[in-house]
Amino acid sequence: MEDEQNVVLEGDEPTQGNDADDKFAKIREHYEADVELTDDEIDLIADVAVKYIRGLLGCFGEEHVSIDEYDGDEGELILDISGGDLAVLIGRHGRTLDALQMVVSSYVSNKIKFHYPIVVDIEGYKSRRRNKLTEMAKSAAARAKKQQGRVALAPMNAYDRRIIHLALLDDEDVTTHSEGVEPERRVVVTYQAR
């Protein structure tokens, strides 16, 4: 187990001097001033995340994976991992993947000293999940309109609820809100009579 921990932390030595801190300080200043980050600045952040992910995957014996980097619709950095036997890292309804993303995001935030939005995906799972949730939202809206009432969806995490809300944002015939207490919090779609 000690060797596995060394793999995760390999190359993660304490910073000597201020060189590494200074490059992230400048990036942090740009980000906090709402200045668009350059490709090189984003690459530095991505390098920290990718190196850490590779170390974690090495603990699972997954050393031959590819990690594609691309920009998301909302300015986030998306890291899509593919190759190997990664289904176990997705987990039921993506819960393990959500946990992996939280760990990676926390690590990167700690390393660069500010929060930059990072999404960790495995073989496009989140993209497929987003499409499925969007269809679910539209179906719930259609049922709410047909019944002229409200439709409560199954409990889901905050990220999934947000996708539902955004999917129906432009539908003037329905409103959405979340109700309940975690982990049973759910979206309710309600018909709006005009």
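Two strands count as paired when DSSP finds at least two bridges between them. β1 and β2 meet that rule with six bridges, in the antiparallel sense. They belong to a predicted model of a protein with 194 residues, 37% of them buried. The protein has six helices and six strands.

**Overall fold**

- From the N terminus, the elements run α-α-α-β-β-α-β-α-β-α-β-β.
- Contacts between residues at least 6 apart in sequence were sorted by separation, and 57% of them join residues at least 24 apart.
- Ala87 sits in the loop between β2 and α4. Ala87 is exposed because its relative accessible area is 55%, and exposed means over 50%.

**The β1-β2 hairpin**

- Strand β1 covers residues 66-71, and strand β2 covers residues 77-82.
- The two strands form a hairpin, with five residues between them.
- Gly75 lies in the turn and has a positive phi of about 80°.
- Asp71 has Leu77, in β2, as its bridge partner.

**The three-stranded sheet**

- In general, strands of a sheet pair through backbone hydrogen bonds, either parallel or antiparallel.
- An open sheet of three strands has the order β4-β6-β5, and its pairing is antiparallel.
- β4 (150-152) and β5 (174-179) are the edge strands. Each has a single partner strand, so one side of each has no neighbour in the sheet.
- On average, neighbouring strands of this sheet are turned by 20° against each other, direction ignored.
- β4 pairs with β6 (residues 186-191) over three bridges.
- Arg150 has Thr190, in β6, as its bridge partner.

**The largest pocket**

- The largest pocket holds about 610 Å³ of space.
- Its lining has 23 residues. Glu76, Val119, Lys126, Arg130 and Tyr159 lie nearest the centre of the pocket.
- β1, α4, β3, α5 and α6 each supply at least two lining residues.
- The largest share of this lining comes from α4, with five residues.
- By class, the pocket lining has seven nonpolar, seven polar and nine charged residues.

**The cavity**

- Rolling a probe the size of a water molecule over the atoms shows where empty space is left.
- A search of the whole structure finds one cavity of 30 Å³ or more. The largest cavity has a volume of about 60 Å³.
- Its lining residues are His93, Gly94, Leu97, Asp98, Tyr125, Lys126, Arg129, Asn157, Tyr159 and Asp160.
- α4 (95-112), α5 (125-147) and α6 (158-167) each supply at least two residues of the cavity lining.
- α5 gives the most to this lining, with three residues.
- By class, the cavity lining has three nonpolar, three polar and four charged residues.

**Backbone details**

- Most residues other than glycine have a negative phi, and most peptide bonds are trans.
- Lys113 has a positive phi, near 70°, and is not a glycine. Lys113 lies in the loop between α4 and β3 (118-122).
- Lys113 is exposed because its relative accessible area is 53%, and exposed means over 50%.
- Glu123 also has a positive phi, about 50°, without being a glycine. Glu123 lies in the loop between β3 and α5.
- Glu123 has 40% relative accessibility, so it counts as partly exposed.
- The peptide bond from Glu182 to Pro183 is cis, with omega near 5°. Pro183 lies in the loop between β5 and β6.

Definitions and conventions. Residues numbered from 1 in each chain as written. Predicted model: local features only at pLDDT ≥ 70, side-chain atom pairs only at ≥ 80, totals over all residues. Heavy atoms only, no water. 1 Å grid on protein atoms, 1.4 Å probe; cavity = no way out; pocket = protein on both sides within 12 Å on 5 of 7 lines; lining within 4 Å. Points joined across faces, edges and corners; volume = space filled by probe spheres on them. Helix = DSSP H or I, 4+ residues; strand = E, 2+ residues; numbered from the N terminus. Nonpolar A, V, L, I, M, F, W, Y, C, P; charged D, E, K, R; others polar. Axes fitted to C-alpha atoms, helices over the stretch in contact; angles between N-to-C directions. Buried < 20%, exposed > 50% of the residue type's maximum accessible area, 1.4 Å probe, protein only. Contact = heavy atoms within 4.5 Å.
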